[in-house]
Amino acid sequence: MLRKAVLSAIAAVLAAAPLAAEPITLKLNSPAPPWSYLHTEVFTPWAEAVTADSGGTLKIQTFYGGTLGNFGNTYDRVVDQVIDVGFILFAGAAGKFKQPNVAGLPFEADSATSASVALWNIYEKGITAKEFDAVRPLALWTFPNAAIHSREPIRTLDDFKGRKLIATNAIAAKIVSALGATPISLRVDEAYTAIQRGTTDGALMPFTGMETFKIHEVTKHHLDAALGSDAAMLFIGRKQYDSLPPQARATIDKHSYLVLSRKLGEKTQEQWQKSRNVVKDSVHTLGPDQEDEWKKRLAPIADEWTQGVPDGAKVLEAFRAEVAAERGRK
């Protein structure tokens, strides 16, 4: 009788005890191909670290290769709460972001690391923050300076005449046009097929994009010049972030922002060199006189950008100052 009473009491206590809460699952979508270095070097380690440090409050579930969205719709799917965390190139947000594209201006930064740190710092200081009203950036970074990958050699300004080159953002299109070619606006994941079919003669994109999207399989010539870049973002919807418990938010904060932006810049710069080495025997560079000539040809693009973007002059001045400060740290 006593034993039965004790067992009944224990059962009552256990029934009354709250069950451990299930972790909140956040879906992270990356449109980059599954084999991208971004996944193995950064996104997966980040997701694992956040999950492990969250005290059981969070689980980051990764989806790679555009499973839940492509470069053109991932931003909207995060804002609409279809997914929670996304990676995009700013050019894929249908004109929502203008100021972060300062990193796309030609001859402004000499490495992805300095540009990425600069891009984060001008956001954190509030200079570009207004455009991020619907999302919370977890990292801002840039890919290294774009190169020209073409079916036929392009080594001088005269070689651009009659060429059609893919430009993945508005600034890239202006660069291609100023150099004398016709820009063809396509997403980076559409470039391979267009070049393979002969619809275009090549593309303007970093060596990292060249290898990730296998552009070197359909191009034989590569001109390495500091022709701007694509700015990118890993981000979470503000509604999703604000709804998380404090410990979950604190864990995301710990592993994101400047530290993650710097890491992405560094890993991207490392990958740029590895990717460039894949085609090193067919890479051409500009001589000093040529570079001066190209800088003069492209200089009006920055002037036009500052006039057409809200607070453009302020953004460019701040970006240049941050790049110089980061360069001075080395």
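Let's start at Q81, which is partly exposed, with a relative accessible area of 43% (buried means under 20% relative accessible area, exposed over 50%, and partly exposed in between, with a 1.4 Å probe and protein chains only). Q81 sits in the loop between α3 and β3 (85–89); helices (H or I, at least four residues) and strands (E, at least two) are DSSP runs, numbered from the N terminus. Although Q81 is not a glycine, its phi is positive, at about 65°.

Before going further, a word on what you are looking at. This is a predicted model, in which local features need pLDDT of at least 70 and side-chain atom pairs count only at pLDDT 80 or more, while totals for chains, interfaces and linings use all residues. Residues are numbered from 1 along each chain as its sequence is written, and side-chain values use heavy atoms, with hydrogens and water left out.

The predictor's confidence in each residue, pLDDT, runs from 0 to 100. Its mean for the protein is 92, and 94% of the residues reach 70 or more. Over residues 9–19, however, the pLDDT is below 50, and beyond near neighbours in sequence this stretch has zero contacts in the model (contact means heavy atoms within 4.5 Å). Where pLDDT is low, the predicted coordinates should not be read in detail.

Now for the overall picture. The protein has twelve helices and eleven strands, and its C-alpha trace spans about 100 × 40 × 35 Å along the principal axes. Of its 330 residues, 50% are buried. Among contacts between residues at least 6 apart in sequence, 78% join residues at least 24 apart.

V78 counts as buried because its relative accessible area is 0%. Leaving aside neighbours within four places in sequence, the contacts of V78 include V85, F235 and I236.

Strand β3 pairs with β10 in the antiparallel sense over five bridges (two strands pair if DSSP finds at least two bridges between them), and V85 stands opposite I236. Strand β4 (residues 135–142) also runs antiparallel to β10, joined by seven bridges; here A139 has L234 as its bridge partner.

Four bridges join β5 to the antiparallel strand β8 (residues 202–205), with I148 opposite L204. β5 also pairs with strand β9 (residues 221–224), antiparallel and over four bridges, and there S150 stands opposite H221.

Our last stop is K214, in the loop between α7 (207–212) and β9. K214 is not a glycine, yet its phi is positive, at about 60°. With 32% relative accessibility, K214 counts as partly exposed.
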